[in-house]
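These are my notebook entries on one structure. I set down what I looked up, item by item.

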Amino acid sequence: RYSLFHNHLKNIEESEGGLDKFTKSYKTFGVNQLEDGGIYCKEWAPGAEAVFLAGDFNGWNPFSHPYKKLEYGKWELFIPPEDGRSPVPHGSKLKVVIRAQNGALLYRISPWARYVVRDEDKVNYDWVHWNPPQSYIHKNPSPKRLKSLRIYESHVGIASPEGKVASYKNFTYNVLPRIKDLGYNCVQLMAIMEHAYYASFGYQVTSFFAASSRYGTPDDLKEMIDVAHSMGITVLLDVVHSHASKNSEDGLNQFDGTDSCFFHSGYRGNHQLWDSRLFDYANWEVLRFLLSNLRMWIEDYRFDGFRFDGVTSMLYHHHGIGTGFSGDYNEYFGLHVDEDALCYLMLANHMINTLHPECITIAEDVSGMPALCRPVAEGGGGFDYRLAMAIPDKWIQIIKELKDEDWNMGNIVHTLTNRRFEEKYIAYAESHDQALVGDKTLAFRLMDAEMYTNMSVLMPLTPIIDRGIQLHKMIRLITHALGGESYLNFMGNEFGHPEWLDFPRIGNNESYHYARRQFNLTEDDLLRYKFLNAFDRDMNKLEERFGWLASPQAYVSEKHEANKVIAFERAGLIFIFNFHPYQSYVDYRVGNWHSSLTVAFKYKILLDSDAGEYGGHQRLDHNTEYFSEEYPHNYRPHSIMV
């Protein structure tokens, strides 16, 4: 793998003038404004017989502006300025006109288009030339690389209680302050790359270089990221390079009239489950396109890194379909591995690390591919983090299948700590996957229909709501503290957002009722959502103070099956969880370790899920001091009684 990567890198140096020049192609491909007012256009269309540019600027004459054919399927066009002004004004609609091999004229959006919009009365998107007289100027530097990532996974369009598509402006001024107050230091943005089908959650990308216009303009997004940076918030893009939409009128598919431009032809170029096209990562121009795409998002919009979606699908020819992963090394090495795709990921991480070392990359891989988060120089994938995807599945399985008294403490600890040596994991109890229609969030699984009737503080605290609120807090804290080197939460889940997430579509009469986040629920003093919101905030603030995510993996001193108690130490803190459905304990001895043999260490409660401000029963006195004794317990040299 490293040899394949090294050969690609060597070829880029020799034939393209280096990685820097190769990945700057976003400044020359597509339609670009020159300093003298002229326009330079460049496309890759190897299957085309001829290429033209048409639009408002030439009265949609499909033949007046032909491209000149270059080597290797490339085409270029230069349009001189008119009296020192651009011949293609800002806001003009454009199309690349392809004469296919069968003689047909195909009107296409450039794969490199920066801005595409859809009129309300139209089905397809239009390509609009984006060249405002004054582009947005970033005022704030990007935050320094974080040691502890607390990620707020977000979708701009649903980030409002109102039943509509919310805007970048709304997110900037209403949601970012909320994220900051909750103690998250990183926002991961979904569905930014333009996608024609809103209900695809942004995972059926049609225009890779265009920020979605349904939320506002490119400058609105730049302002949003700039304001986030002013708050010290890192901004990551959920990037989809694993597949592309099948749309041809306003997508990449059959751009030059063939099914092999950008993608594998035939069966290999189609994803069975996603009904989408699959990139040919061995193709030189595909590498140029994808690597330049990453660089554009970093340099033009100031994103601080990426979460790569669908990495498992990229890594294997079987795309993970109908395949289970047990951890056997034969599953990760062999002819079933797509080495070209893996090499692309290594190139992407190498490029980002070389040109923008402050940026972060995350892999969404369910297979557990070894060394995915080790440096490329070691033959690794080069990612900084990988998602701990087994954790949310484990919580769902436990809540769905087991009685409270049958919860297995050892199994919970194993799932939370089972990660590859020296590879960083992002722990999460639930993400957007669990919030989607057809699934249930943790809160909804725990409390279900009673969330509609018994979340008011004026109503008696029923056993179901009481259990649900307490377990919701405990599950999130133990996942946060024990599950990885970073933590992620999907917007709204921090306060147990009721119901599911469903985008407007034919099946729900195009309703926006479930495509929104009811942040207002936490602001109502009469509702119990405020308790979960407050706990999530204080949990994050405590991590910010002590930095357990950046600390070595926790030492678990107890996983007691009969008592249903889990205890562990991390970052100088002792975490104790009592998962017993009805049993409390007094004078419970918990082992611990501290560096001093002469000073008796004193402990105090810092966070208590049973506290009144979190909807608990206030059974613990927070003024109590707990003294560590030289009394060995559970293989620890000291212990305390709690």
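Is R288 buried or exposed? I found R288 buried, because its relative accessibility is 5%; buried means under 20% relative accessible area, exposed over 50%, and partly exposed in between, with a 1.4 Å probe and protein chains only.

Basis. I worked from a predicted model, in which local features need pLDDT of at least 70 and side-chain atom pairs count only at pLDDT 80 or more, while totals for chains, interfaces and linings use all residues. Residues are numbered from 1 along each chain as its sequence is written, and side-chain values use heavy atoms, with hydrogens and water left out.

Salt bridges. Side chains of opposite charge can pair when their charged atoms come close. I counted 39 salt bridges, each a side-chain nitrogen of Lys or Arg within 4 Å of a carboxyl oxygen of Asp or Glu.

I looked up E16 with R288 and noted 3.0 Å between the closest N and O atoms of this salt bridge. E16 belongs to helix 1 (residues 2–16) and R288 to helix 5 (residues 284–299), 272 residues apart; helices (H or I, at least four residues) and strands (E, at least two) are DSSP runs, numbered from the N terminus. E16 is buried as well, at 16% relative accessible area.

I then checked E543 and R150, whose closest N and O atoms are 2.6 Å apart in a salt bridge. E543 is in helix 13 and R150 in strand 10 (residues 149–155), so this pair ties together parts 393 residues apart in sequence. Both E543 and R150 are buried.

For the salt bridge of R467 with D404 I recorded 2.7 Å between the closest N and O atoms. R467 sits in helix 12, and D404 in the loop between helix 8 (390–401) and helix 9 (409–417), 63 residues away. R467 is partly exposed at 28% relative accessibility, whereas D404 is buried at 17%.

In an unreviewed entry, UniProt lists residues 162–520 as "domain: Glycosyl hydrolase family 13 catalytic"; positions are given in the numbering used here, feature names are shortened, and annotations may be inferred rather than shown by experiment. I noted 32% helix and 12% strand over residues 162–520, with the end C-alpha atoms 10 Å apart.
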